[in-house]
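Subject: Structure handover

Hello,

Here is the structure we talked about passing on. Please open it alongside this message.

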Amino acid sequence: MPLRHYDAVDRIGVLVGVLFKDGGRTVVRGLARIKVDNEDFPDVLDEIDAAVEYFGSNGGREALATIERDARSKREAADEAFQSGTVQYYKRALTLHEAALYLIREAVADRINQTTKDVSDALNLRKVPIAADKLEASLVYTRFHGISSRSNTLIGVVKARADRTEQYQDLLTMCRNAYCGARESLLRLTVRSHMDKLRERHGLVGMTRLASVFLIRLCTIETSLYLDFFGDRDKMEQRKKGRETSRGRDQDGKSDTEDEEDEGGKANATVAGKKTSAPPNASDQAVTLASQVMAEDNAEFQQLLASLCSALHRTVRRGLVSIHDLDTLCQVVSVLREERSLASTSPTTMAAAKAISAVIVDAQERLIFCANAALTKEVVRFKPTPIDLDYPNRLMPGYKKPEPPNANVKSEDGTPAEEGAESSPVEEIEDDAVKAQLRVYESWFPPMRSVLRVLSKIFRVVEPRVFEDIALQSVSSCTRSLKDGSAYILNKSGVVHADLFLVKHLLVGEGVFCFM
């Protein structure tokens, strides 16, 4: 009935704190009589939406748009709208709709902002970060959990009507932006401070593992809190009840089979099957969070997680610049790859996985740079000395490299520095084995040693195409050095020793060709 829409507009104004004076030309806003927590509030919203739709579809929307377009001033537009009853009530319905949505915004978005300010002031978060082991029990989470239930109810009211008008969608987006901005302001300093402390205490390699675990945990608890505000609580409760019912049946089945076991039945297989069918609590929670995250339109929340996880990229990148050791860089990439595989298993930690992937790219770039620098210095620009090409003498058992001038330095008691300390028989045997291996290693041509050493370190931690390119360039440069060395040995010791020099190093370099 059309009259009920007119009656709704005249009656609801007082409820949402809106008074129309001067025949509807003047709007006065005051305190609302109805609270958003009132069980009648959703019905009031439905009546307002129905009135807006009725008056708008019966010519009010087009007429108002025409009046506002052709009028020279707002006063003239108001006078023209007043002459048409449909347009007048359509404007009133829009005003009531705006007032009702303002009440929700005040109860959700403004409440989030005020809670953020209170927590920040109480903990002095602008200057003092929270210790990582105390973060989950701090006001940053407890206060937000305290307002999550009421906010979730109101956000559910908005989400149920989001397909009616754009105003509901805009309000939902505003609430999400307010929430994400609040969480970022509360956690940014703490996350960055924790990353810096981990680097100072554990070094870059240890920091990457501990920081990745911290971020994965942070993404999980932040996702849980986000769903407390914006998730579908009814579905979560249904899943929870379903899991409890399943566990109860499993427990009943377990007790029954245990009774039958005493009588000699086939209880062992039944019990084993029932035990394996019951998922653990942690996996249940992960599945629930993952399904909720995939169902939500959470672009703003994913941006929040990405911003928090960027602290890892910031800290590790600053540490990578000063590292030249290939072993350390390889360890960093290996650790990060392990943590990324763990973070990629759930949508709740996908932001952490993306942040770790960005760090892996930077670490690989630094590793490639250092590997190329080492190969350029030790292979491409290598200039052999007569000692490096002293073949076949270098292969003789009693061969000793010429010692530098300061090699015969004596200790204070007049004995050579190397003879100042005595070693046990076990240490002598171990030292002999190590020395034997070192003698074999030192008998190789220096460019060959460098190529094998560098490629054996990086082939598992860089992309295959990149490794193939580095290996091709380094092997080509090493081959040229071997040919030049063979030519030198040919002039010095003859063709036999020159050919044996090449054959020996080609056999040694078989490990290089396995990489290609």
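Below is what was found in it, from the whole chain down to single residues.

Overall picture

Please keep in mind that this is a predicted model. The chain has 516 residues, and 38% of them are buried. Its secondary structure amounts to 18 helices and two strands.

The core

The largest nonpolar core holds 113 residues. Six of its members touch the most others: Ile104, Tyr179, Met195, Leu215, Leu218 and Leu312. Helix H7, residues 166-230, supplies the largest share of this core, with 27 residues.

Leu215 is worth a click. Leaving out residues up to four places away in sequence, Leu215 touches Val191, Met195, Leu308, Cys309, Leu312 and Ala352. Two of these partners, Met195 and Leu312, are also on the list of core members with the most contacts.

H11 against H13

Next, the helix pairs. Helix H11 covers residues 299-320 and helix H13 covers residues 350-380. Their axes come within 8 Å and cross at roughly 20 degrees. An angle under 35 degrees counts as roughly parallel, so H11 is roughly parallel to H13. The crossing is right-handed.

On the H11 side, the contact is made by Gln302, Leu305, Ala306, Cys309, Leu312, His313, Val316, Arg317 and Leu320. On the H13 side, the partners are Ala351, Ala352, Ala355, Ile356, Ala358, Val359, Asp362, Ala363 and Arg366. By class, the residues of this contact are 13 nonpolar, two polar and three charged.

H7 against H13

H13 also packs on H7. Here the axes are 8 Å apart and the angle is about 150 degrees. Angles over 145 degrees count as roughly antiparallel, and H7 and H13 are therefore roughly antiparallel to each other.

From H7, the contact uses Ser212, Leu215, Ile216 and Cys219. From H13, it uses Ala351, Ala352 and Ile356. Six of the residues in the contact of H7 with H13 are nonpolar, one is polar and none is charged.

Single residues

Ala371 sits in helix H13. Is Ala371 buried or exposed? Its relative accessibility is 0%, so Ala371 counts as buried. Beyond its neighbours within four places in sequence, Ala371 is in contact with Leu326, Val454 and Ile458. Ala371 and Ile470 are 99 residues apart in sequence, yet their C-alpha atoms are 8.6 Å apart in space.

Ser148 belongs to helix H6, residues 139-160. At 5% relative accessibility, Ser148 counts as buried too. Not counting residues up to four places away in sequence, Ser148 touches Asp228, Phe229 and Arg233.

Asn124 is in the loop between helix H5, residues 109-123, and H6. What is its phi? Asn124 has a positive phi of about 55 degrees, although it is not a glycine. With a relative accessible area of 38%, Asn124 is partly exposed.

Then bring up Leu215, which touches Leu308, Cys309, Leu312 and Ala352, among others.

Best wishes

Notes:
Residues numbered from 1 in each chain as written. Predicted model: local features only at pLDDT ≥ 70, side-chain atom pairs only at ≥ 80, totals over all residues. Heavy atoms only, no water. Axes fitted to C-alpha atoms, helices over the stretch in contact; angles between N-to-C directions. Helix = DSSP H or I, 4+ residues; strand = E, 2+ residues; numbered from the N terminus. Parallel < 35°, antiparallel > 145°, perpendicular 65-115°, else oblique. Left-handed = near helix turned anticlockwise from the far one by under 90°. Contact = heavy atoms within 4.5 Å. Nonpolar A, V, L, I, M, F, W, Y, C, P; charged D, E, K, R; others polar. Core = buried A, V, L, I, M, F, W, Y, C linked by side-chain atoms within 4.5 Å. Buried < 20%, exposed > 50% of the residue type's maximum accessible area, 1.4 Å probe, protein only.
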